Amino acid sequence: MDSETEIQILIQRIIPAPFITLMITVGMFILNDLVDADLDKVNLKNRPIPSGLVSKKQAWTFIMLTNGAALGILINTLPIASAIFVMPMMLIGILYSMPKRIALMKRFVIKNIAIALFYMLCSMFGITSSYGIELAINNPIVTIHTITMSGIMIFVGSIVNDLGDTKGDRAAGRRTIPIVLGGENTVKMLIILSVSMPAISWMLYATFVEHD
C-alpha cells in the first residue's frame, strides 16, 4: 500500500468521528436544555430556549437533524461496528433527559457517572474508528489511560457545573453531589480526584513499562 493510499484511508477514518460525536453531543445538550428550560430560569441562565429566543418546536427539529445526520455519516463512512459505541452514546443522552423517574440527570451520582461514561465512549469511538480495534487489544494500557483520564475530567467538570446550579437544583428537589455533601466537602473531593489523575497515569505507565 503506497503512502498516498494510507493517507486517504487515515483521513477517511479520522474526519467522520469528530463530526458524529459533535452532532450527537450538541443535539443532546439541546435536549437537556429543552427539558431544563424552567430550571434554567431559576438558575438565571439566559439561554435561548428558556428566554424564548428559540421555540420548543425549533429545538426538537434541531435535535432530530443533528442526531439523524450523525447516524447518516456513521452508516456511510465508518464500519457498522462503530455503532457499538455510538448507539450507547445516544441512549445515555436520551435517558439523561428523560422525564419523570427515568431521568438520569435527577439521580444522585448516577447523573455525573452517566456524563463521564458518555465521553469515555466518545474516546473509545475515536480510538477505534481512527486506529482500529487492534490498538485497544494490543495496547490496552493506552486505551485504559485515555478513557480513565477523560472520565475523571468530565466527572469533575460535571460536579463543578452542579456547584453553579445548586440554587435551582435544590428548588427542583434534585440531590446533586454539592447539595448532598455540601460545597466545602465537594471542593475537597474535586481536589482529590484532580490530584489522583497524575498518580493514575504514573501507575499505568509503570504497568506498561513492566509489561513491555
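A charge sits over a ring if NZ of Lys or CZ of Arg is within 6 Å of the ring centre and within 35 degrees of the ring normal. Keep that rule handy for one of the close-ups below. This is a predicted model, where local features need pLDDT of at least 70, side-chain atom pairs count only at pLDDT 80 or more, and totals for chains, interfaces and linings use all residues. Residues are numbered from 1 along each chain as its sequence is written, and side-chain values use heavy atoms, with hydrogens and water left out.

**View 1. A charge over a ring: Arg175 and Phe108.** Here Arg175 lies over the face of Phe108. The distance to the ring centre is 5.1 Å.

**View 2. The whole protein, built from helices.** Helices (H or I, at least four residues) and strands (E, at least two) are DSSP runs, numbered from the N terminus. Along the sequence the pattern reads α-α-α-α-α-α-α-α-α-α-α-α. Of the 212 residues, 38% are buried; buried means under 20% relative accessible area, exposed over 50%, and partly exposed in between (1.4 Å probe, protein chains only). Contact means heavy atoms within 4.5 Å. Take the contacts between residues at least 6 apart in sequence, and 69% of them join residues at least 24 apart.

**View 3. Helix H2 beside helix H6.** Two packed helices are described by the angle between their axes and the distance between the axes. Axes are lines fitted to C-alpha atoms, for helices over the stretch in contact, and angles run from 0 to 180 degrees between N-to-C directions. The axes of H2 (residues 16-35) and H6 (residues 83-96) come within 9 Å and cross at roughly 10 degrees. That makes H2 roughly parallel to H6; angles under 35 degrees count as roughly parallel, over 145 as roughly antiparallel, 65 to 115 as roughly perpendicular and the rest as oblique. On the H2 side, look for Ile20, Thr21, Ile24, Met28, Leu31 and Asn32. Their partners on H6 are Val86, Met89, Met90, Gly93, Ile94 and Tyr96. Sorted by class, this contact has nine nonpolar, three polar and no charged residues. Here Ala, Val, Leu, Ile, Met, Phe, Trp, Tyr, Cys and Pro count as nonpolar, Asp, Glu, Lys and Arg as charged, and the others, Gly among them, as polar.

**View 4. Thr21, a residue of helix H2.** Is Thr21 buried or exposed? Thr21 is buried, as its relative accessible area is 15%. Setting aside neighbours within four places in sequence, Thr21 touches Met89, Cys122 and Phe125.

**View 5. Helix H5 against helix H6.** The axes of H5 (residues 56-77) and H6 come within 11 Å and cross at roughly 175 degrees, so the two helices are roughly antiparallel. Asn67, Leu71 and Leu74 of H5 meet Ala83, Val86, Met87 and Met90 of H6. This contact of H5 with H6 has six nonpolar residues, one polar and no charged.

**View 6. An aromatic pair, Phe118 and Tyr119.** A search of the whole structure turns up one aromatic pair. The ring centres of Phe118 and Tyr119 are 5.1 Å apart and the planes sit at 75 degrees, so the pair is edge-to-face. For the cut-offs, rings of Phe, Tyr and Trp (its six-membered ring) pair if their centres lie within 6.5 Å, and planes under 30 degrees apart count as stacked, over 60 as edge-to-face and the rest as tilted. Phe118 counts as buried at 7% relative accessibility, while Tyr119 counts as partly exposed at 23%.

**View 7. Ser129 in helix H7.** Ser129 belongs to H7 (residues 110-131) and is buried, with a relative accessible area of 5%. Which residues does Ser129 contact, leaving aside its neighbours within four places in sequence? They are Arg13, Ala17 and Leu78. The C-alpha atoms of Ser129 and Ala81 are 9.3 Å apart, though 48 residues separate them along the chain.

**View 8. Val109, with a positive phi.** Most residues other than glycine have a negative phi. For Val109, phi is near 70 degrees. Val109 is in the loop between H6 and H7 and is partly exposed, with a relative accessible area of 25%.

**View 9. Ser194 and Met153.** Ser194 is in helix H12 (residues 183-211), and Met153 is in helix H9 (residues 140-164). Ser194 is partly exposed at 35% relative accessible area, and Met153 counts as partly exposed at 47%.
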